[in-house]
Amino acid sequence: MAESKGSAQLTIGNTSLDLPIYSPTVGPDVLDIRKLYAQGDVFTYDPGFTSTAACSSTITYIDGDKGELLYRGYPIEQLAAQSHHLEVCYLLLYGELPSAQQMIDFETRVTRHTMVHEQMHNFFRGFRRDAHPMATMVGVVGAMSAFYHDSTDIEDPWQREVAAIRLIAKIPTIAAMAYKYSIGQPFVYPKNSLDYAGNFLHMCFAVPAEDYVVDPILAKAMDRIMMLHADHEQNASTSTVRLAGSSGANPFACIAAGIACLWGPAHGGANQACLEMLREIGTVDRIPEYIAKAKDKNDPFRLMGFGHRVYKNFDPRAKVMKESADEVLELLGIHDNETLKVAKELERIALEDEYFVSKKLYPNVDFYSGIILEAMGFPTAMFTPIFALSRTVGWVAQWKEMVGDSDQKIGRPRQLYTGAPRRDYSDVENR
Ligand code: CMC
């Protein structure tokens, strides 16, 4: 917890309160209102937590005005250019970049946990073939607590560590299995000679009937997608993981809760929704119609892949993702695709349009990730599972931090009650 650097006075009627102020390492000061109800007999009202810090954290920091994202202090652009996903996992989990030996040990531990319990194969077979892979993932990750109950005691640091490694190691296997199941192909076992991203591509695209060689450029692009999505402060799914974990729930249940939250189209589901929107627009000449819909207050339509709660300048992840998209499209020789034309033109128009400029609505990470994933051969339904597998390390790091935080309490928000006051029950004939 940061040191208090003074206090703010708040007067409510005849009561005057001193609210401690904390200074974070970077970012705006934070008012401590924990005593507000006990001493002032009032609650605060903040739907969407737009001004509320629900925890203190040392993991990730976003400066929305500068368009800056830091993992443990390191800018995302530097990590995307110089690091790799498993190193970023280590950084997020343990706070520092690993030495060469620490990296080898970590990689070995993760690699040795990539297979899932063989009985899980049967569990998968209980789902309908046409189930969305996110639905399958929520179920299977939640069910990990039934398969790995030797790592569900959250009071035991060793079990917490094993659960963390299991989640990071097995989530690509589970996502790939969800995909294979949905297309009726046999599951492909992990191949530990491949790196984390290459192994995921192999499990998705290899078939037993022939060899599949992972293209290093595609593996690099996949690794970058993973790094860019690895953590993002107290976003909706991370807050969900923390809230679920605050009751003492086991880590597998908490991560399943995070996956469920991520699925929504305002969050991780936006990458699928964005590509579907680009396809629905179909041709460049229809873009103005959709821009008009997005501006119409009476139309619920929003341009998917645009806007962000925190970034009000640009999304630094989107910048890196755009470069990656160009590389992947070049490699695959995709220049003339209609969806891509619509995306490029939509981006150009929205960046110049007064409505989007004045509301600071820029393309976010989901705008470009869908384009890359589609080019790689993933169906849209796999976009959000790939976000989920990439974000798992962030959820796990935040969950571990929360469990070890002495200030942590069960999450229990208050409310502004606007329902009926107490009234007496009446018999049905008197209603
Ligand atoms: N298209 C059109 N108008 C928009 C959009 C959009 N994509 N996003 C925000 N607005 C407008 C909104 O109508 C509102 O206008 P007004 O002030 O006139 O009422 C204003 O901009 C502010 O919007 P808000 O809903 O108050 O902003 P928020 O911070 O609550 O929402 C958001 C952030 C990401 C949910 C929202 O921008 C959105 O729905 N975007 C589309 C979905 C999307 O791409 N989500 C992925 C986010 S990045 C990946 C992730 O974190 O999961």
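Strands here are DSSP runs of E with at least two residues, and helices are runs of H or I with at least four, both numbered from the N terminus; two strands pair if DSSP finds at least two bridges between them. With that in mind, select Tyr22 and then Val30, which stands opposite Tyr22 and lies in E3.

The model you have open is predicted, with local features requiring pLDDT of at least 70, side-chain atom pairs counting only at pLDDT 80 or more, and totals for chains, interfaces and linings using all residues. Residues are numbered from 1 along each chain as its sequence is written, and side-chain values use heavy atoms, with hydrogens and water left out.

The ligand is surrounded by 22 residues, the closest being His267, Lys297, Leu303, Arg309 and Lys359. By class, this shell holds ten nonpolar residues (Ala, Val, Leu, Ile, Met, Phe, Trp, Tyr, Cys and Pro), six charged (Asp, Glu, Lys and Arg) and six polar (the others, Gly among them).

For polar contacts (pairs of N or O atoms within 3.5 Å), select Lys297, where a polar side-chain atom lies 2.6 Å from a ligand oxygen atom, and then Tyr355, where a polar side-chain atom lies 3.2 Å from a ligand nitrogen atom. Taken alone, the ligand exposes 930 Å², of which the protein buries 76% (Shrake-Rupley method, 1.4 Å probe).

Definitions and conventions. A residue is near a molecule or strand if one of its heavy atoms lies within 4 Å of it. A polar contact is a pair of N or O atoms within 3.5 Å; within protein, one must be able to donate a hydrogen and the other to accept it, and residues adjacent in sequence count only if both atoms are side-chain atoms.
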